[in-house]
Amino acid sequence: MHAAKGAAGRNATVGLGISQWKYLSAKAREPQMHAILTVGAEGTEHGGGAGPVLAQVLAVDCSSSMAYPQEKLRAAHQAAVAALRMLPDGTPFAVVRGTQSATMVYPATETMARADARRRAEAEQAVHRLITGGGTCIGSWLDLSRRLLAEQAAPIGHVLLLTDGRNQHDELMPLSDVLEACAGRFVCDAWGIGDGWDGRELLRITGRLHGEASSVREEAALAREYEQLMRRLLAKRVPELVISVTPMAGAEVRYLKQVFPTEVELAPDGAGRDDGALRFVTRAWGDETRRYQLCLSADPTGRPRGEDLQLAVVALDLPGGDGVRLAPPQPCVVHWTDDPALSRHTDVQVEHFEQHQRLGEAVAAATDAHRRGERDLAEHHLGRAVHLAHTIGADQSLDRLGRLVEIVDAAAGRVRLRPGVAAVDFEHLITASSHSTYGPGSGSADGPEVMAPAAATVRCPACDGKASADARFCPLCGHRLRERP
């Protein structure tokens, strides 16, 4: 994916906030510091860069199973047409037919067309001529999408993938290899339709390709969902935003993962820096807020007690984002203590998202148990999921769980599995469980408050580097600049 100058509005701002409980036990065997990073972008919709921001591929499952019931293929046609009609003039686009191989629907060759009235109309006609037949090899669909998007200069490449089945012909083009080749090249959102798809397979794809997995229970709802997704997608103007984490001596980055609005695993981009910073690239931003969980290992050996020590520095970078105001680097601190009354606590936001992860694990365990025919065990795990959803105030999750179980006592996790629950009901629940909620103390419904970019700076007496006027530590060398206010 290419970062294009001018993709974000020149009045755009990107804020950063860190929520953590700084007290760690100096006697712990393997101390770890967990923190939630809140990153919020604002003003990106005013971008005025030259050329289209988006290049779009629609990958439509046309395997044999899409033929029955007929409503599935009809819904796929209508949804693809709805997405095509929303493409602005000049947008590179293509439609791909997916079976055990991938073939071009529109245009006829392995190139992308530029949207205008004539080409959109031609693409719609081609979509309505789609027929079913064959198996399913999702890797081939993504590989063709990668080759199509590689030829485009638009900063945001996007694949909208629809399937009704499992990746049954993986041996033809292994999905793991394709995902490795596609990672960082484009964003993929994946949708399940019908009753034969695999929720965890969709999450595997979208997690690696920084997208979202979703599904529809009613085929007729798909076109409306595609329209809403395209509206959100067309509002994005920032191809990528980099979060860098620089650990201090004695600290190590264990992981950084996105926990809101969906769960996405992140890997450092591999480009090591002399200062030891790890760079994590996040994709396709509009005006929005995302949250990330940072885990650091720490060593108290030889470190003083009873004072705040800088453990790591978190900074933002927007490649090609000249004129965009970025929040200054923020410290993640540790306060080593021998007082268990302090060290046993956890940050409220960290606890919220860890509970949400446990909720997803309970849903996955219930799904596996139901597949094995162990209804009592499935009911037990769903009861655990209900208890967790109740604890963190995830009302939407409770509503979805209520489709599968009768909730007797949410606080206690007492439920009864409803008769007639089907395997696909669990797949819907799995994809929905990857969409998280705001944690307690995380701000209003309009978005959490994040630390705004600061204009005033001071010079560090130790390294002469610049730091925010309200910073307590130098972001470059870690020197203490001022005492706790």
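Is Ala-284 buried or exposed? Ala-284 is buried, at a relative accessible area of 4%. By buried I mean under 20% relative accessible area; exposed is over 50%, and partly exposed is in between, with a 1.4 Å probe and protein chains only.

Quick housekeeping. This is a predicted model, so local features need pLDDT of at least 70 and side-chain atom pairs count only at pLDDT 80 or more, while totals for chains, interfaces and linings use all residues. Residues are numbered from 1 along each chain as its sequence is written, and side-chain values use heavy atoms, with hydrogens and water left out.

Okay, the overall picture. The chain has 11 helices and 22 strands. Of its 485 residues, 54% are buried. A contact, for me, is heavy atoms within 4.5 Å. Taking contacts in the chain with a separation of 6 or more, 75% are between residues 24 or more positions apart.

Now the cores. A nonpolar core is a set of buried Ala, Val, Leu, Ile, Met, Phe, Trp, Tyr and Cys residues joined through side-chain atoms within 4.5 Å. The largest one has 39 residues, and those with the most contacts inside it are Leu-84, Phe-93, Trp-191, Leu-222 and Tyr-226. Elements giving two or more residues to this core include α1 (70–85), β5 (92–98), β9 (187–192) and α6 (222–234). Which element gives the largest share? That's α1, with eight residues. Look at Leu-222 for a moment: leaving out residues up to four places away in sequence, Leu-222 touches Ala-75, Ala-76, Ala-79, Leu-162, Trp-191, Ile-193 and Val-216. There is also a second, separate core of 36 residues, with Ala-251, Leu-256, Leu-296 and Leu-318 among them.

On to the holes. A cavity is a set of points, on a 1 Å grid over the protein atoms alone, where a 1.4 Å probe fits but cannot get out; lining residues have an atom within 4 Å of a point. Points are joined across faces, edges and corners, and volume is the space filled by probe spheres set on them. How many cavities of 30 Å³ or more does a search of the whole structure find? Four.

Next stop, helix α5, residues 199–208. Its buried residues are Gly-199, Glu-201, Leu-202, Ile-205, Thr-206 and Gly-207. At the start of α5, a side-chain oxygen of Asp-198 comes within 3.0 Å of the backbone nitrogen of Arg-200. His-210 is partly exposed, with a relative accessible area of 22%.

Asp-425 lies in helix α11, residues 423–433, and is buried, with a relative accessible area of 14%. Its side chain makes a polar contact of 3.0 Å with that of Arg-217. A polar contact is a pair of N or O atoms within 3.5 Å; within protein, one must be able to donate a hydrogen and the other to accept it, and residues adjacent in sequence count only if both atoms are side-chain atoms. Then Thr-99, in the loop between β5 and β6, is buried at 4% relative accessible area. Setting aside neighbours within four places in sequence, its contacts include Cys-62, Gly-134, Cys-137 and Trp-141.

Last, the cis peptides. The bond from Tyr-106 to Pro-107 is cis, with omega near -10 degrees, and Pro-107 lies in the loop between β6 and β7 (113–114). The bond from Phe-260 to Pro-261 is cis as well, with omega near 5 degrees; Pro-261 lies in the loop between β12 (251–260) and β13 (264–265).

Methods:
1 Å grid on protein atoms, 1.4 Å probe; cavity = no way out; pocket = protein on both sides within 12 Å on 5 of 7 lines; lining within 4 Å. Helix = DSSP H or I, 4+ residues; strand = E, 2+ residues; numbered from the N terminus.
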